[in-house]
Amino acid sequence: MLIIAVALTLSQLIIVFLIFHKELHNNIKKGEANDLLTLRLNSLKHEAALIKKDINTTRVLRHDLRHHYRMLYALLKDEDTAAALEHIEKQEEIIREMKH
């Protein structure tokens, strides 16, 4: 009888150990998955910030371009081609300086 009781106790301990081991393994997997999701989320936040910055830059460039076209249109409408060419040359110079 004592041997049966010890065997049952040991088998119960082994079952409890295996259950805890499985839970620990599952928790480790969940933690790793959570870490990967956190990294991905941070990466997406960074990408979103870059896209937002690019959108704002595009808005500024579009505004500036409209301004330059209006100025060129007005100069050409007034037949002031010298001033229009000078304006274009200044803009080309600014663009060249931006490359460096």
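## Salt bridges

The structure holds two salt bridges. The model is a predicted one. Side chains of opposite charge can pair when their charged atoms come close.

One of the bridges joins the side chains of Glu47 and Arg40, with an N to O distance of 3.9 Å.

Glu86 has a relative accessible area of 43% and is partly exposed; Lys90 is partly exposed at 47%.

## Overall form

The secondary structure consists of two helices and zero strands.

The C-alpha trace spans about 115 × 25 × 10 Å along its principal axes. The radius of gyration is 35 Å, whereas a compact globule of 100 residues would have a value near 13 Å. Thr57 and Asp80 are 23 residues apart along the chain, and their C-alpha atoms are separated by 31 Å. Thr57 is located in helix α1 and is partly exposed, with 40% relative accessibility.

## Surface and burial

Of the 100 residues in the protein, 4% are buried. The accessible surface amounts to about 9,500 Å², and carbon and sulfur atoms account for 66% of that area.

Leu2, Val6, Leu10 and Leu13 make a nonpolar surface patch of about 410 Å². Leu13 is classed as exposed because its relative accessible area, 53%, is over the 50% cut-off.

## Charge

The protein carries 15 positive and 14 negative side chains. The centres of the two sets lie 12 Å apart.

A positive surface patch is formed by four arginines: Arg59, Arg62, Arg66 and Arg70. Among them, Arg62 is placed in helix α1. Arg62 counts as partly exposed, since its relative accessibility of 48% lies between the limits of 20% and 50%.

How values were computed:
Residues are numbered from 1 along each chain as its sequence is written. This is a predicted model: local features need pLDDT of at least 70, side-chain atom pairs count only at pLDDT 80 or more; totals for chains, interfaces and linings use all residues. Side-chain values use heavy atoms; hydrogens and water are left out. Patches are made of residues with over 30% relative accessible area and no salt bridge: like charges are joined within 9 Å, nonpolar side chains (Val, Leu, Ile, Met, Phe, Trp, Tyr) within 5 Å. Accessible areas come from the Shrake-Rupley method with a 1.4 Å probe; for residues, only the protein chains shown count as cover. Buried means under 20% relative accessible area, exposed over 50%, partly exposed in between (1.4 Å probe, protein chains only). Helices (H or I, at least four residues) and strands (E, at least two) are DSSP runs, numbered from the N terminus. The radius of gyration is taken over C-alpha atoms; the globule rule is 2.2 Å times the number of residues to the power 0.38. Lys and Arg count as positive and Asp and Glu as negative; His and the chain ends are not counted. The place of a charge is taken as NZ of Lys, CZ of Arg, CG of Asp or CD of Glu.
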